[in-house]
Amino acid sequence: NAPDGDLLWVEVGDTPGTTVDVYSWKRNAYGSIASPSPFFTMFNDNFGHPARLKKIYNVYVTVTLGGAYDIDLQIITDTGTTTITQTAGTAFTGILTFTPPSPLSTEKAQLKFINNNSTNSVIITDITVEYRPLGKTV
């Protein structure tokens, strides 16, 4: 296993001197840097409380954005997907706050970040989900 927890494996060609391919399986997050809208998806998280409902209020993302930006955050829950957009015309370094139109009640959530302006870089250094566990179980 790799230090980041990914599973690695190697395939060697059938004849001596052929190429060696190294593959990895990502268990936590995945994404695409392909245009026109690169994305990054986190794993489906129950925030350490399986089978317990939570109410999500905000998602705070510490970022460095290389220019004008148009970022979508999709919060994927048991009941559907909520998309929140942040846009601005200049570069930015700091914390973006994504607030759903109303708090989301869910057992678990998955976050997907979409860079709709793929010509500028997006560096995510921290993600914080503001939520409250509810007394109800699923």
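Me: Does Ile124 count as buried, partly exposed or exposed?
Reply: The model is predicted, so local features need pLDDT of at least 70 and side-chain atom pairs 80 or more, while totals for chains, interfaces and linings use all residues. Numbering runs from 1 along each chain as its sequence is written, and side-chain values use heavy atoms, without hydrogens or water. Buried means under 20% relative accessible area, exposed over 50%, partly exposed in between (1.4 Å probe, protein chains only). Because its relative accessibility is 30%, Ile124 counts as partly exposed.

Me: Which strand holds Ile124?
Reply: Strands are DSSP runs of E, at least two residues, numbered from the N terminus. Residues 122–137 form the one with Ile124, strand β11.

Me: Is Ile95 buried or exposed?
Reply: Ile95 sits in strand β8, residues 92–98. Its relative accessibility is 53%, so Ile95 counts as exposed.

Me: Which residues does Ile95 contact, leaving aside neighbours within four places in sequence?
Reply: Contact means heavy atoms within 4.5 Å. By that test, Ile95 meets Tyr60, Val61 and Thr62.

Me: How far apart in space are Ile95 and Ile127, C-alpha to C-alpha?
Reply: In sequence, 32 residues separate Ile95 and Ile127. In space, their C-alpha atoms are apart by 9.3 Å.

Technical notes:
Helix = DSSP H or I, 4+ residues; strand = E, 2+ residues; numbered from the N terminus.
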